[in-house]
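Visitor: Please show me the structure, and then I will ask what its labels rest on.

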Amino acid sequence: MAHISLKGVSKVYPAPRRGFAETVAVDDVTLDIERGDVFGIIGYSGAGKSTLVRLINALEPVTAGSITIDGVDITAQSASKQRAMRTGIGMIFQRFNLLSSRSVRRNVEYSLEVAGMGRSERKKRALELLDFVGLADKAGAFPEQLSGGQQQRVGIARALAADPPILLADEATSALDPETTDEVLDLLARVNRELGITIVVITHEMDVIARIANKVAVMERGQVVETGNTYDVFTNPQTATAKRFVRTVVRNLPSGDELTELRSHHEGRLFTISFTDEGVSEARVFGALARAGVDFNLVYGGVDSIQGRVYGLLTIAVRGDATAVDQAVGSIGSSVKVEEVFA
Ligand SMILES: Nc1ncnc2c1ncn2[C@@H]1O[C@H](COP(=O)(O)OP(=O)(O)OP(=O)(O)O)[C@@H](O)[C@H]1O
């Protein structure tokens with residue numbers, strides 16, 4: 001059974017007043033998130049990601065569909081049962097949301113205090129968690145004395161206080177610089193690996209997905225337009241939106257300016273070949289081209305790493321008579337993905 005399962009989930013906000021249209025923030029979303037996944041949900045601003053998170057933890061009612069957690073439909077429960085289920089779902093936010101008047105330790109203790117846990121027990125738990133996130137020495141400090149990355153690590157410790165099996169991270173690194181982002185993503189990967197927590201990561205940044213998510217769903221105008229293993233979506237995106245996101249992180253494709261430059265230096269037609277770690281090697285492909293009797297050379301590209309797996313994109317310039325080039329490219333097209341570059 002999936003850990004979190006969404007079936008035909010929609011959320012429609014009514015028109016604010018007469019003459020305005022209603023907003024379909026989430027539109028018929030069906031998704032299965034398995035136990036132990038780091039599941040990335042990516043989309044541009046307004047795609048419906050944050051709304052989806054609020055539906056998963058039942059902070060808002062769905063307009064249609066169902067959301068089950070461990071087989072229990074959270075959308076169909078009473079408010080008190082929803083509150084109880086929500087303690088099993090930790091949350092971290094873009095703006096950390098720490099209480100400025102409380103020390104770091106007492107921020108981590110907050111939900112345990114509300115749940116009625118005794119003072120010494122919750123103090124012990126908070127210190128254990130601060131140790132886990134590498135901030136044992138900051139227990140007595142106040143949030144404003146910490147850097148953004150440290151505050152988010154406190155946010156993570158606080159979210160883990162009640163031992164939730166699920167953690168929802170809504171743009172958790174969007175307010176951080178790249179180095180601090182890495183620190184926080186490493187910590188989230190440890191939370192997943194060492195504590196076995198299922199993590200749902202909401203983001204508009206594809207490199208966040210590339211770093212930690214094993215699965216990804218691409219959202220656009222409330223709908224999931226593409227979903228799959230991160231490596232598969234990165235190496236073979238199907239929709240225009242997914243392709244645009246992938247281009248922001250896979251750096252081995254020439255940009256418009258670089259293409260102009262390439263064309264001024266190389267004769268022939270340009271093709272980009274994608275190599276995955278499951279397909280044939282570069283040597284085999286280049287051997288096949290040589291045997292087909294066309295002249296070619298490598299003009300751009302290199303190898304990326306996605307989820308620790310290798311992904312190569314190489315652009316070649318191919319010369320020869322038109323039929324020979326078509327035949328040569330056709331002959332390699334059955335074993336690797338080849339796309340002619342027109343722009
Ligand atoms: N409470 C609300 N009332 C009315 N409309 C809303 C409400 N919350 C969100 N929306 C609308 O629903 C759509 C999806 O918003 P949502 O915040 O879920 O997108 P998002 O992908 O998280 O984008 P962002 O990253 O900018 O928050 C938007 O058109 C937004 O204006």
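Guide: This is a predicted model, in which local features need pLDDT of at least 70 and side-chain atom pairs count only at pLDDT 80 or more, while totals for chains, interfaces and linings use all residues. Residues are numbered from 1 along each chain as its sequence is written.

Visitor: What makes β11 and β14 paired strands?

Guide: Strands are DSSP runs (E, at least two residues), and helices are H or I runs of at least four, numbered from the N terminus. Two strands pair if DSSP finds at least two bridges between them. Four bridges join β11 to β14 (residues 337-340), and the two run antiparallel, so the pair meets the cut-off.

Visitor: Which strand pairs with β11 over eight bridges?

Guide: Strand β13 (residues 309-319) pairs with β11 (residues 269-276) in the antiparallel sense. Phe-275 has Gly-312 of β13 as its bridge partner.

Visitor: Why is α5 called roughly parallel to α6?

Guide: The axes, lines fitted to C-alpha atoms over the stretch in contact, with angles from 0 to 180 degrees between N-to-C directions, cross at roughly 20° and come within 9 Å. Angles under 35 degrees count as roughly parallel, over 145 as roughly antiparallel, 65 to 115 as roughly perpendicular and the rest as oblique. That makes α5 roughly parallel to α6.

Visitor: Which residues make the contact between α5 and α6?

Guide: Residues are in contact if their C-beta atoms, placed from the backbone, lie within 7 Å. Among them are Ile-156 and Leu-160 of α5, and Val-184 and Leu-187 of α6.

How values were computed
Contact = placed C-beta atoms within 7 Å.
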